Amino acid sequence: MIKYTPINYDTEISMETIGVFLIFIMPLLTGYTVREITKQKEANQIETYLIGFFFLFFMQGIIFTVCIFTNQTFAMAGKVLIGLYIVITILYLVLLGFRFIPAHKNKKSRQKMRKEEWVLFGLMIVTFLLVLLRIFLGENAIRTDAMLETVKTTVDSGTMFQIHPLTGQVLESGYITSKKIVTLPLYYAFLSSVTHLAPAPLLYIVITAQTVTAAFLSSALLVGSIFQ
């Protein structure tokens, strides 16, 4: 019989702030590392962030899927992901160190933006801030769903797809294979356990804001490619 060990989410604001910062900054560190290793020198900052964002989603899917089908624990999968984060951070610092000195010596002046570009950039930022404000204001109106309950169950029990998130009953054979390969709930549970953020604000504010950010940057990249 699997015993529940609920986690106390009454954490300090400083720890939650660090957790949010980690979630938002890791795609940038990852994208920069992947860009430097693959020699994609022409990639801009938006492309760099998106590369890291999707690379982390890709890696979490591989790690959790392998751990599920090899009967590893949620704690073991979490350790592998933490190890990946540490390796990425170390590689980022090393690559940044190698790039900083020559970049500092051969510093070039950047071309200034035109007035119409400043206007478009300002409208883009205002629109983005309004979208984020809508997310924060609508937090209390959002209903709980199976995703949230699955994340809560994973964090509280330390299991992966072994307990029904709505009934709390232990599943003898676990989830069917088609549901096991959808590992996003496990990834969000990992982020919740590492950052000490409660699942509800993590899913409905932090992750939503990050997803909107990625979608917004993708749209800006597309528009920038069409209108040089």
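Some ground rules come first. Residues are numbered from 1 along each chain as its sequence is written, and side-chain values use heavy atoms, with hydrogens and water left out. Because the model is predicted, local features need pLDDT of at least 70 and side-chain atom pairs count only at pLDDT 80 or more, while totals for chains, interfaces and linings use all residues.

The protein chain comes to eight helices and zero strands (DSSP runs numbered from the N terminus, with H or I of at least four residues for helices and E of at least two for strands). Read from the N terminus, the order is simply α-α-α-α-α-α-α-α. Of the 228 residues in the protein chain, 33% are buried (under 20% relative accessible area, with exposed over 50% and partly exposed in between, using a 1.4 Å probe and protein chains only).

Two helices can be checked for length against an expected span, defined as 1.5 Å times one less than the number of residues. Helix 2 (residues 45-69) has 25 residues and should span 36 Å; its end C-alpha atoms are 37 Å apart, so the two agree. Just after helix 2, Asn-71 takes a positive phi of about 60 degrees. For helix 5, 12 residues should span 16 Å, and the end C-alpha atoms are 16 Å apart, which agrees. The buried residues of helix 5 include Leu-148, Val-151, Val-155 and Asp-156. Just after this helix comes Gly-158, with a positive phi of about 70 degrees.

What about the inside? The largest nonpolar core has 35 residues (a core being a set of buried Ala, Val, Leu, Ile, Met, Phe, Trp, Tyr and Cys residues joined through side-chain atoms within 4.5 Å). Helix 1, helix 2, helix 3, helix 5 (146-157), helix 7 (184-195) and helix 8 (199-226) each give two or more residues to this core. Helix 3 gives the most, with seven residues. Among the residues with the most contacts inside the core are Phe-64, Leu-81, Tyr-85 and Met-160.

Aromatic rings turn up too: the whole structure holds eight aromatic pairs (rings of Phe, Tyr and Trp, the last by its six-membered ring, with centres within 6.5 Å; planes under 30 degrees apart are stacked, over 60 edge-to-face and the rest tilted). Tyr-32 and Tyr-92 make an edge-to-face pair, 5.3 Å centre to centre with 75 degrees between the planes. This pair links distant parts of the chain, as Tyr-32 sits in helix 1 (residues 13-37) and Tyr-92 in helix 3 (residues 74-105), 60 residues apart. Tyr-32 has 11% relative accessibility, so it counts as buried, and Tyr-92 is buried at 18%. Phe-53 and Phe-54 also pair edge-to-face, because their ring centres are 5.2 Å apart and their planes lie at 85 degrees. Here Phe-53 is buried at 6%, whereas Phe-54 is partly exposed at 49%.

The structure holds one salt bridge (a side-chain nitrogen of Lys or Arg within 4 Å of a carboxyl oxygen of Asp or Glu). Glu-36 and Arg-35 form it, with the closest N and O atoms 3.4 Å apart, and both residues are buried.
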